[in-house]
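Me: I've got a structure open here and want a quick walk through it. Can you take my questions one at a time?

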Amino acid sequence: MEMLTRWVLSHRSQVVVVWLILMVTGGVTVAGTIERLSSESRLPGQPAQLANDVISERFGGTGGRSAPLLLTVTVPEGVRVDSAPYAGQWNEVVARATPSEGRSASYSDAPALLSRDGRTTVALIYPRAVAGPAPYTAALPGIQQAIANTTIAGEPVKLTGLPVLSGRESGAARSPIVETLIGAVGALIVLVAVFASGLAVVPLLMAAVTIPTTFLLVRLLTGVTDVSFIVQYLVALIGLGIAIDYTLLVVTRWREERAGLDDTDPQQRTNAIVRAAASAGRAVALSGITVAISLAALIVLPVPFLRSIGYAGLLIPLVSVAVALTLLPVLLYSWGRWLDQPRRRHHPDSGLWTRIARGTTRRPLLSALVSGALLMALAGPALAIRLGQPDIGTLGHGGPPAAAYAELVRAGFGAGIARPVEVLVQGDTTAVANRLRALPGVAAVVTPDSWSGNGYRLIDAWTLHDPADDRGRRTVAAIVTTVQAQDGAEAGGGPPLDADFVDAVYGSLPVVLLVVALLTFVVLARSLRSILLPLKALALTILSTSAAYGVVVLIWQKGYGSQTLFNTPATGAITIWVPMAVFAFLFGLSMDYEVFILHRIREVHTGLLQQHQPKATVSAVVTGISRTGRLVTSAALILFLAFTALATIPVTDVKILATALAAGIAIDATLVRGVLTPALVALLGRASWWFPTSAARFLLRPPTPDAQPRIQQTGVTSA
């Protein structure tokens, strides 16, 4: 690290030019990069995906994964919608609303689409879908115009269905510029409070280089693989938070090393930066590696959508580390003394965190038990987590489409009508349809004669209960099993694809978690020269991540605060991909703070050992927490504000992700790293630094010079 820093300082002009070129190129091309992002979420090789591909191919790009639009009307009491003249009027409306390249079904060819009392009817309309998060963008305006001001027996014809209830058809997703500016303003306020000088702008300057550069690399990535549109929000806002955090760590340590030095002496300026890089820079590099390892969990999953998030996510910490270790030293050398004005006496120890650390280490067992109990209480609701799409009844914010859907459910059509299972059959559909109608929980089965072509026919079957809840999912599973037992039949549509998604993402989860944990353990053990501290770090990170899951379940699945905080009703389920993405990001980000704290504790502990200080571990914990507590709190607050800005994105999935990340960071930086970590290190005492000879030889080859004598004499390294 010292060699790198000295080389950077001796090539300042070249370093600045390179980063300036990357920043400008990335900024100029960012709009084009966003346009190249994909909205597809495919599951290659999965049964439902294969069925949906055939449905789309054979039926003109209609149906499959894309749920139908629902056209409905309820006539007054004493009137039947299938009587003259209303039957003819209804058929005319359906024909007018069905696009020329679409398909539809009404009660004239599917009696199940008429309620028992004859007052309510519904038509399934499948327009041709286009690529993107809003598949009916092209068709929907024409359909809405076709039914505008249309009434039957004096009652208006209404349009509902999952595409309009979800809000995804309301317009294209906006770029993350507004949210990034919100996060940057919040970060600046925190940084001004931390530095009280011109240094407050330095982390933002580093973020201004990091984010465009990362977008430039994402653009190159789009030439190799599809990259999800969600990546733009992650790069902008998580990139903002991480870049600021890493810069904050290095600048804070540089400020300590600079105290008492003569800034007019170039050699002393260089030495201060080199010492800061040797300590804080090393911690930043280690943090970036741990974040990258955790994001590797997404890359190994057989889901291109999540793999692209993993690839792009890897770039965020790596670019942030590169900027913090190369461009930042140049800026501090050239402009640091001018920016740190007014120059005040800076004391590295925080009085508040010193008192907290002393209180925690004075009663470590009580502190560990109380904080551990609080974490477990927060994590408890995670045991009831339900993965899937949001309950259909929670969508639409109570607007006209939501009211129309609720009316269909009351009329007895079944909650699953908005997300039917599409069954692809080669040949006659009678046998398959009869078996499906006989299944418990199936609300209706329709087999329109017009849904045939190229030797295939389609059946739509839907559940009595919402396919996202437990009863609906059991019925969907029964439908899929029944279909798979029939020769020449395949089950597609949204609900079976959700089940395949869960299997693909979480089927190999234990192996993925084990690999990530082992890699993280090796990196931390090698850096901290300890066996127990990395194990403790892994355990606490998993616990804090579980607590974040619990908060998300309470807010989004149970609805305790979703309306108040986000003006959105409870979803009833957590979007399938969100928990895995939360783990990948939160695991690495939580390790950031653990690395910052433990690296400083180890540094102090090594110095105390050399001075033969008694109770070196407890003293090191108090000093380490007092010198990192303020830093970690500020860094966590900045990331929290970035995630709060992320939660303003008008996509429910992103809101849930942002909620989990914000909750996890807040819990981790306060309860876990502020109380539980120092308490456990104090409880472990000298055992915290246990590092057997075999581990040293395996992880530290060749052994470090200062460790070699102790390895030979005692079997334990100097750490």
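Reply: What follows covers a sheet, the cores and a few single residues of this predicted model.

Me: Start with the open sheet of four strands. What's the strand order?
Reply: The order is β2-β3-β1-β6, and the pairing is antiparallel.

Me: Which strands stand at the edges?
Reply: β2 (103-105) and β6 (158-160). Each has a single partner strand, so one side of each is left without a neighbour in the sheet. From one strand to the next, the twist averages 25°.

Me: And β1 with β3, how many bridges?
Reply: Six. β1 covers residues 69-74 and β3 covers residues 120-126; they pair in the antiparallel sense. For Leu 70, the bridge partner in β3 is Leu 124.

Me: Which helix packs on that sheet?
Reply: Helix α4, residues 86-97. It touches β1, β2 and β3. The direction of α4 makes about 160° with that of β1.

Me: New topic. How many residues are in the largest nonpolar core?
Reply: It has 167 residues. Those with the most contacts inside it are Leu 306, Ile 309, Phe 501, Trp 577, Met 580, Tyr 593 and Phe 643. Helix α21 (residues 578-610) gives the largest share, 19 residues.

Me: What does Trp 577 touch?
Reply: Beyond residues up to four places away in sequence, Trp 577 touches Ile 230, Phe 305, Leu 306, Ile 309, Phe 501, Tyr 506, Asp 653 and Leu 657.

Me: Now Arg 673. Buried or exposed?
Reply: Buried, because its relative accessibility is 1% and the cut-off for buried is under 20%. Arg 673 is in helix α23, residues 652-684.

Me: Which side chain does the Arg 673 side chain make a polar contact with?
Reply: That of Thr 541, at 3.1 Å. With neighbours within four places in sequence left aside, the contacts of Arg 673 include Leu 540, Ser 590, Tyr 593, Glu 594 and Asp 668.

Me: Over to β8. Why call it largely enclosed?
Reply: Four of its five residues (442-446) are buried, so the rest of the structure largely encloses β8.

Me: Which strand do the four bridges join it to?
Reply: Strand β10, residues 456-463. β8 and β10 run antiparallel. Val 442 stands opposite Thr 463 in β10.

Me: What about helix α15, which residues are buried?
Reply: Val 432, Ala 433 and Leu 436, in a helix that runs from 430-437. They cover an arc of only 95° around the axis, so they sit on the same side of α15.

Me: What do those buried residues pack against?
Reply: Against β7 (421-426), β8, β10 and α16 (470-484).

Me: Last one, Ala 415. Where is it?
Reply: In the loop between α14 (400-410) and β7. Ala 415 counts as buried, at 12% relative accessibility.

Me: What is it in contact with, leaving aside neighbours within four places in sequence?
Reply: Ala 415 is in contact with Ile 392, Tyr 405, Val 409, Thr 463, Leu 464, His 465 and Asp 466. Thr 463 is also the residue in β10 that Val 442 stands opposite.

Me: And how far apart are Ala 415 and Ile 147?
Reply: They are 268 residues apart in sequence and 24 Å apart in space, C-alpha to C-alpha.

Terms used:
Residues numbered from 1 in each chain as written. Predicted model: local features only at pLDDT ≥ 70, side-chain atom pairs only at ≥ 80, totals over all residues. Heavy atoms only, no water. Pairing = 2+ DSSP bridges. Helix = DSSP H or I, 4+ residues; strand = E, 2+ residues; numbered from the N terminus. Axes fitted to C-alpha atoms, helices over the stretch in contact; angles between N-to-C directions. Contact = heavy atoms within 4.5 Å. Core = buried A, V, L, I, M, F, W, Y, C linked by side-chain atoms within 4.5 Å. Buried < 20%, exposed > 50% of the residue type's maximum accessible area, 1.4 Å probe, protein only. Polar contact = N/O pair within 3.5 Å; in protein donor to acceptor, adjacent residues only side chain to side chain. Arc of directions from axis to C-beta.
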